[in-house]
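Look at the structure first, then read on.

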Amino acid sequence: MRPLPASPGLRWLLGEFRLIVNRSIRTALREDIRSRYRLSRVAYREFSADYDLYKQYIPSAFEVAIAVLKNYRRRLRQGKRTNVPYLRRLLLKAENQSYRLDRTTGRLRIPIRRGEHVDLNLPVSVWHRTILSDPSWGLGSLTVTPDRVIVVVRKTAPVPYEPASAIALD
């Protein structure tokens, strides 16, 4: 896997997101918080004042932290040896409202803070274009690591068949 272009802004954003996730983990452990909603109520205002980045990333960091803690608590319940969790790898998880993807060219725009963003050109194959050009496929979350970009797509479920009448044969 080839690494993404070395953009200092993107590298900084991945590092800040990791810091927010790790701080969220410590806060949730200290306060015995098990839901994203409650973690948001306790920590959002403080994190928003402390970190100068796009504010929609903070709830995404809470979501990642709660998922990490869920696995940690499961291992504790099962009696397996485990350490207090800490996110080591650089990561960014963003909801579909937080980024822009040009479906025809593959140009991805990730905001850092107001007036600042990172542009990435994703390689889009013919197969990708067939899915991205179909309006029934919607964009989901975005996950960025130093070596890959993962864009989740989702399709609306088809309308279930409702028969107008029924015939019984014996």
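## Terms and model

Two strands count as paired if DSSP finds at least two bridges between them. The model is predicted.

## The sheet

Three strands make an open sheet, in the order S1-S5-S6, with antiparallel pairing. Strand S1 (92-94) and S6 stand at the edges and have a single partner strand each, so one side of each lacks a neighbour in the sheet. On average, neighbouring strands here are turned by 20° against each other, direction ignored.

S1 and S5 run antiparallel and are joined by three bridges. Lys-93 has its bridge partner in S5, and that partner is Thr-143. On the other pairing, S5 (residues 137-145) meets S6 (residues 148-155) over seven bridges, again antiparallel. Leu-142 is bridged to Val-151 in S6. A hairpin of two residues leads from S5 to S6.

## A helix across the sheet

Helix H1 (residues 8-31) lies across S1 and S5. H1 runs at about 85° to S1.

## Two crossing helices

How do H2 and H3 cross, and at roughly what angle? The axes of H2 (residues 36-50) and H3 (residues 57-77) come within 10 Å and cross at roughly 135°. That angle makes H2 oblique to H3. The crossing is right-handed.

Which residues meet there? From H2 come Arg-36, Leu-39, Ser-40, Ala-43, Tyr-44, Phe-47 and Ser-48. From H3 come Ile-58, Pro-59, Phe-62, Glu-63 and Ile-66. The residues of this contact divide into eight nonpolar, two polar and two charged.

Technical notes. Residues numbered from 1 in each chain as written. Predicted model: local features only at pLDDT ≥ 70, side-chain atom pairs only at ≥ 80, totals over all residues. Heavy atoms only, no water. Helix = DSSP H or I, 4+ residues; strand = E, 2+ residues; numbered from the N terminus. Axes fitted to C-alpha atoms, helices over the stretch in contact; angles between N-to-C directions. Contact = heavy atoms within 4.5 Å. Parallel < 35°, antiparallel > 145°, perpendicular 65-115°, else oblique. Left-handed = near helix turned anticlockwise from the far one by under 90°. Nonpolar A, V, L, I, M, F, W, Y, C, P; charged D, E, K, R; others polar.
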